Amino acid sequence: MTPRTSPFHTRLAPLCTPGLWKDWAGYVVAPQYQYSLTNEYYAVRNSVAVFDTTPLFKVHVTGSDASALLERALLRDIRTCSVGRAQYTVWCDEEGFVMQDGVIVHVDENEYWVTSAEPTLRTFRQIARDRGLSDVRVEDVSDDYGILAIQGPHAHDVLGQLTADAAGLRYFGASRSRIAGAPVVLSRTGYTGDLGYELWVERSDALRVWDALWDAGAAYNLTPMGNTALKMSRVEAGLLLMGADFHSSRFAWVDAQRETPLELGWSWMLRKLAEDDRDFIGRAAIEREIADRTSRWSTVGLAVDSHDYDRVYEAAGIVPPLHEVYSETTMSIYRRGTKEWDYAGYASSFFTSSLLKRPIALAKLPLDLTDVGTEVDLEVQVIRQPKNVLARVAALPFFNPARKTAPVREEAA
Amino acid sequence: MTARERYDAIVIGGGHNGLVNAAYLAKAGLKTLVLERRHLVGGAAITEELVPGYRFTTFSYAISLLRPDVVRDLDLVSHGLMVMPLVNTFQPDTNGDYILLGADDYVNYHEIARHSREDAEAAQDLDHGIARLVRALKPWMDRIPPNPLSDDPSDAAEMAELSSYMSDLDRPVRALLDEFMTSSAADILDRRFENELVKSLYASSGIIGSRVSVRDVASGLVWLVHKMGDYDGVPGQWGFHKGGNGGFTQVLARAVEHYGGEIRTNAPVSRVVYEGGAAHGVELADGTRIDGDIVVSALDPRNTFLSLVDADDLPADLVAHLEAYRYQGSAAKVNFALSGLPAFPGLEGRADIFQGFTNLGPSIPYLEAAFADCAEGRFSRRPFLDCCVQSTIDPGMSPAGKHVMSCFAMYAPYELAAGEWSTERDALADTVQETVEDFFPGFGSLVEHREIVTPHDIESLVGLSEGNIFAGELFESQMFVNRPAPGWNQYRTPIAGYYQCGSGTHPGGCVTGGPGMLAARQILGDRSS
């Protein structure tokens, strides 16, 4: 058996300097393309990086009942996602637990393209069958397309050379376009919290589009980015990762492993819940959760106090680890007060941000500890001993540059 | 006649330490004014677009020793601080050989092992030893040094604390410290390494910006100083600020203004106004008086004590010290606008080799010969060059597809034995260009423009005496408790209310911000007592 590869693999493989490969959703992918993760990371924040996001599962949802299906399936109101728009959304089970997050691109009237970390073909088809929606087709096109994310301040300087359509895209805008003669779907989306685009391209056109992109990027330090640098940037962007910060309810054994949208900090997706009458899956349970205030915790940002972080390591005679520490290992959080080791919650992602010059984390805390500025203790290991460092609840995202959502400037030629 | 302007604090000089100092004072609530002689702030840390689209780091070009407290206390991240790593070190020879170090310790081991297996292992031990030593010295970087001449019991206690701290260090750390204080860089290297190219990899840190040979005992300390910094906690690593070091000082300027401080450019100060031993303000070159009971000079010691005030009003022993304080600038810069990347035979097209320092100076004898020229009063016929193609890190530094290359050149003595810098500058640039050509054949054909910065340019443009990039040599006799003079090493001056915060005070030079921070601590402490 040979491992599954993306249609860009033949171009990416020689660019992977350390020769490291790992598995992502059955595909062989590079965790990093350089020895310096920081260098890759700064391509996103200062120049432009390209990430192969092909291993995501992809479905097309088409037909006059497509929006009815998605209205039933999705937490956010799909009617607010007009043609030429994309939407970050989640879908839940009947108990109001999150099954999956993903991005929907409304490409054309009655045509939606969906990406997600787990397969969702049968889930969507079952909804159509249950609701008796006859004019909707849900097709898995995972093998038919490659997807590239082009992210960073110079993303448009590169992409703009290849298509004039990128310039007109607002944040979460989407459009059909052509690059190097190949049809693509372009959206101003990404997982880095920076200016960026994602493009879908048919497998047979993938190398042609890659080559055009690579040539256009040469003058802008276009840098291939692996999964680790992407994940570093997404922590700064306050974006949750399924498998790290939460798990799909489909594969959970008990509710303690499941989480609701409110518990994941996604109440903003439900801002207009009272005004609409959508019958989406999980609605009744979520309304009960809101009314009865049964959310068990919330998901917050945590900014570690730099002085205190330095203190615990320096007291032990060692240098504080501040370079390229990215972790998805659970770290316990305690209440600060008179009682020692008074367990409160945990951090699910931790990153020593080079840009922000401090460690940051995504954390689950009980509702009385979620106000911005609330002080908690985060447990770190110092020469194999548990030590507490001061951390404060912080607003998400940690990093939110104006260019992420601003209209792009045409570079002077 | 309108009333004279009045500020709580007036900072003379908008170099990076002046800006740091002003930001701290403004943050503490003082009505603070920065007066800068030139049309832009930044001092020696500026970025200028001398050719459209090409941005040159005119003088200072990298960051490592910036004090973490400055970043945190002034919330510099929110004002745009962005330091990217200089990940690679490229040490080529003229015979096609090279050492290319990067981010991975074991890749680096194997790269050095290509030249000598024993040297590769020795490098691991030396790197770890320096890292431990630097960690041990770090607390003393971030505190006001004690006054060695003071009768004050607190100073005596601090001197005692310092000496007991040093004698309590782990023996290997203490031994390495002694070695760096008493050995030349070349001797330290000869004891550990056999391969010339490996030695040269380390040796250049011992001469940067200093009129010393790699065989001079003073080069050990110069080397150590250059390793005192870190990049995100990685000891001895350097970074490149977005937009160059001028980008960094613009961040500082935003911080000053954020905290309510005011910056005035094109405002040269002619003297500090004082009476009865106390400062009362400043007088500008155009005769304007500005009142303020706190006046801080961010200039170098010569300007601070011998130009802005009357030396006759200062204690004779201080004046004697200041007159003996050594500047003797010995470094130059040539910044190139390039039509493409320089090509190293066998590594053509590799932009990554330039994402860091490229050191041209492949052996100890090469570096010694470079110094021999300097000792005879001429610039090195084959200089040591510390180069960086900064546009490979930050595409904003040059037009798309083009590049800027900063070349720091050793040695270029402030005083030439024959000829004048005004007529020798092009010859210097030609020499630098030919030297790069020795390593990167065809380099000359890429050059679209070059900017030449001699020690005289550094002195006349930045105001650093004799063009010394550190505001005074990094000699033991001029550092820590002796910087700039024993007894006057705590940011105060003999004139009450008049302070010093330039790189000529501890822990300057280099871009540290430490003098600005510590001087502010002293000023605010004096105010509250």
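1. Between the two chains, 21 residues of chain A are in contact with 23 residues of chain B, contact being taken as C-beta atoms, placed from the backbone, that lie within 7 Å. Helix α2 (residues 37–46) of chain A supplies the largest share of the side of chain A that touches chain B, with 4 residues. That side divides into 10 nonpolar, 10 polar and 1 charged, where Asp, Glu, Lys and Arg count as charged, Ala, Val, Leu, Ile, Met, Phe, Trp, Tyr, Cys and Pro as nonpolar, and the others, Gly among them, as polar.

2. The model is predicted, with local features needing pLDDT of at least 70 and side-chain atom pairs pLDDT 80 or more, while totals for chains, interfaces and linings use all residues. Residues are numbered from 1 along each chain as its sequence is written, and chains are lettered from A in the order in which they are written.

3. In helix α3 (residues 66–73) of chain A, the buried residues (20 or more other C-beta atoms within 10 Å of their own) are A:Ala66, A:Leu69, A:Leu70, A:Arg72 and A:Ala73. Viewed down the axis of α3(A), these buried residues fall within an arc of 160°, so they line one face of the helix. Their cover includes β4 (57–62), β5 (85–92), β6 (98–108), β7 (111–116) and α4 (121–131) of chain A.

4. In chain B, 4 strands form an open sheet of mixed pairing, in the order β1-β15-β14-β13, with strands counted as paired if DSSP finds at least two bridges between them. Because β1 (5–6) and β13 (269–275) of chain B each have a single partner strand, one side of each is left without a neighbour in the sheet. Strand β1(B) runs parallel to β15 (residues 289–291) of chain B, joined by 2 bridges, and B:Glu5 has B:Ile290 as its bridge partner in β15(B).

How values were computed. Buried ≥ 20, exposed ≤ 12 C-beta atoms within 10 Å, placed from the backbone. Arc of directions from axis to C-beta.
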